[in-house]
Amino acid sequence: MLSVKNVTMKYGNHTVLDNLSIDFENGVYGLLAPNGAGKTTFMKLLATLHFASSGKVMWNGESIAALDEKYRDIIGYLPQQFGYYKNYTAEDYLLYLSALKGIPRATAKQRVSELLSLVALSDVKSKKMKKFSGGMVQRVGIASALLNNPKVLLLDEPTAGLDPKERVRFRNILAGLSKDRVVILSTHIVSDVESIANRIVMLQNGKIYCNETVGEVCGRLDGKVFEAEMPAAETSAFSRNHFVVSERFEGNSAFVRFIADEGDGCAPKSAGLEDVFLYLYRDSEGENADTL
Ligand SMILES: Nc1ncnc2c1ncn2[C@@H]1O[C@H](COP(=O)(O)OP(=O)(O)OP(=O)(O)O)[C@@H](O)[C@H]1O
Ligand SMILES: [Mg+2]
């Protein structure tokens, strides 16, 4: 188990993570927060690229700082922006990274071949990566984070640039991987985590706002999401007095989805993760927002 205990992380006077605590067990965790909320900072902390201003991270009861190399051996980390050599083929790039990690050549060949198959790139393993789509490059990145068969897999915004088909493939890959490891992926795209993650972790004001299933998170807005039908011309006035999540127009009519304590006779709707996200971060980029 990966346990984060009372971690605070500051850049100068700016507190990004504020006395944050959370335990991660095997499964896929979706770290969801707006831009600038501290996702990358948190991932870097778990990847030992940053050290906390205070607090600690423990792996199976031992501090990751004390475990040092032993901990680094069991993690895989895909940075938000990762560098690769455009003129390398996917296979050469992964073999090169394996060599840097000290994996013996014969073992590496076997491992790279398995991983290319896992991320469905075996067919193009000899193509130069400059010919790859964004999604293909991202899949090479995922394979690179898996080279050492990590127990903790950290993926910072891994779904950026994936098309819907690739997202489905990605979800299936992660579901298979998460049976016996901790997978944490960060994103600010709600629809990405909704279907991929077992648990949703949201950051708010540098703390963990929730660590729950999608159903539980959405339950926080139970009975508070409504849809009003009105003439299209009335939507601006309505949105001045209500927290509007979305508007849909059909001819001269508008269907306005909004969040409120009372629906005033409007049709109740079941809450989605996007409703929670928009409502939670309504006043800011993740800072100073009210709690539900
Ligand atoms: N090296 C740094 N020095 C100073 N401030 C930093 C540094 N890195 C990040 N920050 C600040 O810390 C806050 C959190 O940044 P971080 O990159 O962790 O957010 P994020 O959630 O990953 O954002 P995004 O969705 O844009 O990737 C931001 O206000 C950012 O400006
Ligand atoms: Mg980031």
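How do the residues of the shell around ligand 1 divide into nonpolar, polar and charged?

## The shell around ligand 1

In this predicted model, the shell around ligand 1 is made up of 4 nonpolar, 7 polar and 2 charged residues. In total, 13 residues surround the ligand, and the closest are Asn35, Gly36, Lys39, Thr40 and Thr41.

Helix 1 makes the greatest contribution to this shell, with 3 residues.

## Polar contacts of the ligand

Let's turn to individual atoms. An oxygen atom of ligand 1 sits 2.8 Å from a polar backbone atom of Gly36. The backbone of Gly38 also takes part, with an N or O atom 3.0 Å from an oxygen atom of ligand 1. From Tyr11 comes a side-chain contact: an N or O atom there is 3.4 Å from a nitrogen atom of the ligand.

On its own, ligand 1 has 630 Å² of accessible area, and the protein covers 60% of that. Two or more residues of the shell come from each of these elements: strand 2 (14–24) and helix 1 (39–46).

## A look at Ser3

Now for Ser3, which belongs to strand 1 (residues 2–11). Its relative accessible area is 6%, so Ser3 counts as buried, the cut-off for that being under 20%.

What does the side chain of Ser3 pair with in a polar contact of 3.0 Å? The partner is the side chain of Asp23. Setting aside neighbours within four places in sequence, Ser3 is in contact with Ile22, Asp23, Lys56, Val57 and Met58.

How values were computed
Residues are numbered from 1 along each chain as its sequence is written. Chains are lettered from A and ligands numbered from 1 in the order in which they are written. This is a predicted model: local features need pLDDT of at least 70, side-chain atom pairs count only at pLDDT 80 or more; totals for chains, interfaces and linings use all residues. Side-chain values use heavy atoms; hydrogens and water are left out. A residue is near a molecule or strand if one of its heavy atoms lies within 4 Å of it. A polar contact is a pair of N or O atoms within 3.5 Å; within protein, one must be able to donate a hydrogen and the other to accept it, and residues adjacent in sequence count only if both atoms are side-chain atoms. Accessible areas come from the Shrake-Rupley method with a 1.4 Å probe; for residues, only the protein chains shown count as cover. Helices (H or I, at least four residues) and strands (E, at least two) are DSSP runs, numbered from the N terminus. Ala, Val, Leu, Ile, Met, Phe, Trp, Tyr, Cys and Pro count as nonpolar, Asp, Glu, Lys and Arg as charged, and the others, Gly among them, as polar. Buried means under 20% relative accessible area, exposed over 50%, partly exposed in between (1.4 Å probe, protein chains only). Contact means heavy atoms within 4.5 Å.
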